[in-house]
Amino acid sequence: MIRGQPVHTADRYMFKVSFDSIFKTALTAVGVLMLLLLAGIFVTLVADSLPAMKATGFSFFTGTTWDPVFKAYGSLVFLVGTLLTSFLALAISLPFSLAIAIFLGEYFREGMVSSFLKSAIELMAGIPSVIFGMWGLFVLVPLVRQVEMQSGVAPYGIGVLTAALILAVMIIPYSASISSDVVNLVPSDLKEAALSLGATRYEMIKKVVLPSARSGIFAGVLLSLGRAIGETMAVTMVIGNANILPTGIFSPANTMASIIANEFAEATDAVYVSCLIEVGLLLMMVTLVISMIGRYIMYRMKT
Amino acid sequence: MLMHQTNIQLRIVKDRLFLALVVLLSFAMIAPLLLIIFHIVKNGIGIISWEFLTALPKPMGETGGGIVNALAGTMMLIVLASLIAIPLGVLAGIYLVEQKKGAIATGVRLCMEVLQGIPSIVIGIVAYAWVVLSMGTFSALSGSVALAIMMLPVIVRSTEETLRLIPDNLREASLALGVPYSRTVLKVIVPAGLTGILTGVLLAIARIAGETAPLLFTAFGNPYMSLNVLKPVDSLPLMIFNFATSPYPEWHAKAWGAALVLVVFVLGMNFFAKVIAKRWKVQF
């Protein structure tokens with residue numbers, strides 16, 4: 001027996017017990033910190049947009065003139081620009097992402113071809129948005145300009161259509177991977193029942209797979225719409241940055257995200273900064289509502 | 001009878017056409033991907049040289065010059081953001097695994113989902129309000145805070161998902177040997193799921209390495225070399241944005257070069273994460 005050992009063990013025991021409680025407290029503290037982080041984000045955005053709310057009131061949401069020089073802050077132009085580009089992008093991307101969902105979820109579930117397509121999708125999802133924007137600016141804009149020249153509209157090249165095309169390419173990976181998971185989940189008894197009744201595979205997909213995967217596909221669409229609305233860089237680089245209500249799909253415009261990207265660092269007037277923050281708050285609310293509905297549908301499907 | 005026959009044939013034709021359409025549309029998606037990679041490699045490869053990677057940008061009108069300030073800045077932003085986000089994210093992930101139920105845990109999970117959905121530019125505004133305004137200057141630190149907020153949900157989720165896979169026997173065996181709870185978590189459970197956590201960290205880094213929007217008014221950009229966390233720094237995506245939207249063809253060429261470097265880095269990170277996830281899969 002070595003002298004002093006019992007005391008030593010007791011010491012260590014005490015130490016471990018107290019370290020244990022510190023550790024547990026630290027874990028809970030980090031959890032609470034996460035809650036505070038999100039709460040802090042909300043509070044900061046709301047508090048910093050209060051001056052704008054006071055100065056502009058409701059006309060902030062209905063005004064169609066955004067001219068900081070004359071203290072006119074109407075953000076409706078950006079809301080319209082955002083929704084127009086995003087929904088257009090969604091419409092363009094939908095046939096492709098549906099096709100990929102059916103391809104990966106029904107026709108080619110595994111094997112070389114499907115893992116090739118899956119890797120391509122992952123690769124695409126990994127490319128930073130500023131790269132998409134740059135490619136759009138140097139490659140897509142001249143193409144769109146040529147099309148515009150041939151169809152006799154003002155050949156800007158930049159504008160709603162170009163932004164929507166880039167956005168469509170960017171959101172295909174998201175909606176495709178969510179939708180293909182959902183298509184994959186359709187029970188095979190249902191499909192086999194349809195086939196055994198003499199349906200062709202196309203009829204089976206049309207009458208059985210798509211209807212039963214409908215809500216999941218819708219959720220995937222909503223989640224990718226949320227991404228499209230919040231997307232900043234690629235859109236900023238090709239949309240033309242004109243603070244006007246877009247007059248058509250070839251018209252230059254501005255989105256909520258791109259107006260912040262363009263003007264925030266240069267805004268000097270306090271109300272001006274506050275108005276941009278309010279645009280940010282509005283942008284966040286729109287994205288959150290859309291993606292939360294999407295996640296809720298996904299959650300309900302899984303349980 | 002004949003009617004019936006043609007009807008079946010029509011249906012079969014429709015079936016085949018549909019398959020062809022699905023295959024065609026699916027592979028059409030690869031076209032823009034190939035085009036983007038092709039253009040980046042074609043326009044970027046020519047400008048990449050030792051000087052491009054190790055020199056500072058030169059003023060307009062002088063030839064040569066490089067992107068080393070952006071490379072250093074990107075690395076600094078990633079390291080700082082990781083230092084903030086990895087400990088917090090991993091601890092929060094452990095918390096979620098240990099507290100399966102409970103109001104706070106449910107709240108944290110919801111929080112992470114919400115955080116994931118917040119547009120990156122809005123996170124930039126928040127980092128501006130919190131750090132830039134209180135320090136009075138654009139800084140690498142403020143950019144890192146924005147990026148760290150973006151890393152958190154990815155790390156928290158991957159940590160939680162990985163540690164959830166670890167069977168209870170492992171924990172019970174350790175506790176039965178008299179190992180205190182904290183040591184059980186830190187020395188048994190976390191090491192067992194380490195590769196999964198690492199994958200999450202790499203994916204989070206890949207996510208933020210290409211982010212531009214939250215850096216526009218936090219890290220701000222800087223044409224000179226700076227390793228001071230309290231001063232503005234440049235980053236690769238910021239530099240690409242500034243060069244690509246400038247009116248000078250020389251700068252456009254540099255933007256392509258920087259884009260090639262960035263794409264190689266980001267895709268390499270993704271690839272690396274995938275290899276780790278596959279090779280050292282967390283399984284029991």
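Trainee: Which residues touch the most other members of the largest nonpolar core?

Mentor: Leu167(A), Val238(A), Met151(B), Ile240(B), Ala258(B) and Ala259(B), out of 178 residues in that core. Helix 6 of chain A (residues 160–185) is its biggest contributor, with 17 residues. Keep in mind that this is a predicted model: local features need pLDDT of at least 70, side-chain atom pairs count only at pLDDT 80 or more, and totals for chains, interfaces and linings use all residues. Residues are numbered from 1 along each chain as its sequence is written, while chains are lettered from A and ligands numbered from 1 in the order in which they are written.

Trainee: What makes a set of residues a nonpolar core?

Mentor: The members must be buried Ala, Val, Leu, Ile, Met, Phe, Trp, Tyr or Cys, joined through C-beta atoms within 7 Å. Buried means 20 or more other C-beta atoms within 10 Å of a residue's own; 12 or fewer is exposed, in between is partly exposed, and the C-beta atoms are placed from the backbone. By that count, 48% of the 303 residues in chain A are buried.

Trainee: Why is Thr62(A) called exposed?

Mentor: Thr62(A) has 10 other C-beta atoms within 10 Å, so it is exposed. Thr62(A) sits in helix 2 of chain A (residues 59–62). Helices here are DSSP runs of H or I with at least four residues, strands are E runs of at least two, and both are numbered from the N terminus.

Trainee: Which residues does Thr62(A) touch beyond four places in sequence?

Mentor: Gly74(A) and Leu76(A). Contact means that the C-beta atoms, placed from the backbone, lie within 7 Å.

Trainee: What domains does chain A have, and how far apart are their centres?

Mentor: Domain 1 covers 5–56 and domain 2 covers 61–302, with bounds from an automatic or database domain assignment. The C-alpha centres of these two domains of chain A lie 36 Å apart. Their contact takes 9 residues from domain 1 and 10 residues from domain 2 of chain A.

Trainee: How many residues of the two chains are in contact?

Mentor: 62 residues of chain B meet 61 residues of chain A. Helix 1 of chain B gives the largest share of chain B's side, 11 residues. That side has 47 nonpolar, 10 polar and 5 charged residues. Nonpolar covers Ala, Val, Leu, Ile, Met, Phe, Trp, Tyr, Cys and Pro; charged is Asp, Glu, Lys and Arg; the others, Gly among them, are polar.

Trainee: What confidence does the predictor give chain B and the complex?

Mentor: Chain B has a mean pLDDT of 92, and 98% of its residues reach 70 or more; pLDDT is the predictor's confidence in each residue, from 0 to 100. The complex gets an ipTM of 0.92 and a pTM of 0.92. Where pLDDT is low, the predicted coordinates should not be read in detail.
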